[in-house]
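Thanks for asking me to look at this one.

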Amino acid sequence: MAAMNRVDTVDFCVDMGFSIKKLIDPNEEVLNIIAAIGGLDAKSVSTLRAWTAEKSDDVRMIFRGEEFVSRALKNPRVRGCPICLQEDAETDPERPLAAMAMRGEWQLRDMLVCVRHKHPLVTLWERKRPVERFNIGARLFEVSKDIQDGLFDQAQIRPTAYDLWLDQRLENGHDPTCLVDNSLYAATAFCRLLGTEMLRLRNEKHPNEFTYMRAAQRTGFDIASKGNDAVSDAYKKLAADASGAGDLPNKAFGDLYRSLARAHRNDRAFDGFRHVLWDSIIQVWPVAANEDILGFTLPERKLHCLLSAAQEAGVGEKFLDQLLVEAGAYPADDTRPASRKTFDATRYAKLIAEIPKLVGPIAICEAMGATRKQFQSLVEARLLIPVTSISTVKSPWRIEDGTKLVSDLSDLVVKTVTDEEHWEVIQQAKSRTKLAVEFIIRAIRDGSLQLARFEGVDGYRSFCVSKAEINKIAAKNAHEVTTRPRLPPEVICTAAAFGRSVGMREDQAFVRLVGARHTSASYVIVTKSGVKRFYVTESDISAFHEKFVTQASMASEYDVDWRTLVSRLQAGGVKPFSAGSEGFGHLYLRVDVEAFFGRSDA
């Protein structure tokens, strides 16, 4: 308007009754005057306001109906497309300044290209003082000849998908991508930040800041526009690159993490982006319960690492590492440093909690009231099982396992006796009759043998059985052994022995599998009451291997340590075979294992 009237903008404002300062941040009164002078209707005024950044508060502005921080729109450098301004000037060669118009989108820091002319936005002038910066008439007068002479022209560049998306989002709000529900300011800032970190990961170099920024925008947009799964995949790559012992999320995600953690921490527009990053962090790093990360906390720990678990348990890392490998927390060949060697905290919480409570044989014998010999017999009978079978561990026992066994047997005591002529402790009964301890205790539990306690004695060493009763049981057992039916010639071995040979040692796992009819076996009746003893033939063994694999058979077939294989299956969600609530140890269906690892002979 000033140019059409051939006057300076400052003077024009004064003539109209307001200062240029009020023009920079116009109120309703100023807008009404401008509308009246220019003959603008309500729709035109609304359009003018939509393309003009208006203050929302001290640090925010409303632009195109969305909220931005002021620095995203206000900059001492004023940019524009020289081709747009040249075309404006050509419409009125006599008064080019009256025809030249600054476009609203040029204000946005993340707009780098004029999509229409495929031309970079260039700096037309730079002024720190807003009054000078926004005296557009005066500034255009200074550069108009250079604009028309083509001195600002640069080579054309091809707009990226990001450029086209941003242009359409500003023009009409159209957004067919997964960013549609995010504010434009948050979306553009996130694309730039994510892209910058991905360029760092790729060690991608660019000749100048402009090309680098466009590459960052393009790269970030290509990922973010596809949704949270694509963003999470990018985070995994960034996290994998920061695998050192002291590498924390701020190193892995750089300025992206710092911006979401500090600069944008209280900006709700970034909550969605922040939550996806937080979710990725807790999948990789051993974040403690109630530890604040990006404004979020975990009610309980999701991951432990070897370092944090050792600190919690109060034991050495080397010792704990052995236990965790044996338990299948991670494979033996895991080379990650202790601070990054992570595992499922919930799954192994019981192991970590009980490690400080583990004791040696002397302590558990004292707690049980058992002699060392009695204790050893219970161990050999698998009535007491150590937490670990690692030979170098000197304290592998849970006191509660021993005290529970004593408590369970105490509940079966029928009387207290003093007569050592007719009663004897379980260990003496074992030595005299040659019956196994597990056989004697099984007879006590099934009610065929009475359990008593010697008066004045506590613990396991007090338990005793009737000599007469144990003699009868021993004689009956001897008779059943001598009259046991002969096995068919094709039998290879007992089911229990075969189970041990394939690694199914715990709790008679193979015999239970046979008893539940999940695999075949032969049997003979060994007692008058119909008790069966199972055996396997070559055909039984072949049928088992066709259907199942164990940790031992997997290790043999794939030539990899079984702990590594089991750990990988667990990580991949492949579960051991079970029948309802009954499990059989590290037993897997062959079809599941081969679907995960492939055939070993492929």
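Predicted model: local features only at pLDDT ≥ 70, side-chain atom pairs only at ≥ 80, totals over all residues.

1. Residues are numbered from 1 along each chain as its sequence is written, and side-chain values use heavy atoms, with hydrogens and water left out.

2. Take Phe190 and Phe273 next. Their ring centres are 4.1 Å apart and their planes stand at 10°, so this pair is stacked. Phe190 belongs to helix 10 (residues 184–202) and Phe273 to helix 14 (residues 271–284), so the pair ties together parts that are 83 residues apart in sequence. Helices (H or I, at least four residues) and strands (E, at least two) are DSSP runs, numbered from the N terminus. Both Phe190 and Phe273 are buried, where buried means under 20% relative accessible area, exposed over 50% and partly exposed in between (1.4 Å probe, protein chains only).

3. Tyr460 and Phe463 give another geometry: with centres 5.8 Å apart and planes at 90°, the pair is edge-to-face. Tyr460 counts as buried at 3% relative accessibility, and Phe463 is buried too, at 1%. Elsewhere, one aromatic cluster is formed by Phe498, Phe510, Phe544, Phe548, Phe577 and Phe584.

4. Which strands form the open sheet, and in what order? Four strands do, in the order 10-12-13-11, and the pairing is mixed. Two strands pair if DSSP finds at least two bridges between them. Strand 10 (413–417) and strand 11 (423–425) are the edge strands, each pairing on one side only. On average, neighbouring strands of this sheet are turned by 45° against each other, direction ignored. Axes are lines fitted to C-alpha atoms, for helices over the stretch in contact, and angles run from 0 to 180 degrees between N-to-C directions.

5. Within that sheet, three bridges pair strand 11 with strand 13 (residues 463–466) in the antiparallel sense, and Glu424 has Val465 in strand 13 as its bridge partner. Helix 21 (residues 426–433) packs on the sheet, touching strand 11, strand 12 (451–454) and strand 13, and its direction makes about 95° with that of strand 11. Contact means heavy atoms within 4.5 Å.

6. Now for the hairpins. Strand 1 (residues 54–55) and strand 2 (residues 60–63) run antiparallel and are joined by two bridges; four residues lie between them in the hairpin. Glu54 stands opposite Ile62 in strand 2. Strand 2 is also joined to strand 3 (residues 66–69), again antiparallel, by four bridges, with Glu66 as the bridge partner of Phe63.

7. Arg64 deserves a look of its own. In the turn of the hairpin of strand 2 and strand 3, Arg64 has a positive phi of about 55°. Arg64 also lies over the face of Trp51, at 3.8 Å from the ring centre (a charge sits over a ring if NZ of Lys or CZ of Arg is within 6 Å of the ring centre and within 35 degrees of the ring normal).

8. Finally, is Gln86 buried or exposed? Gln86, in helix 5 (residues 82–90), counts as buried at 14% relative accessibility. Leaving aside residues up to four places away in sequence, Gln86 touches Ile147, Gln148, Gly150 and Asp153.

Technical notes
Phe/Tyr/Trp six-rings, centres within 6.5 Å; stacked < 30°, edge-to-face > 60°.
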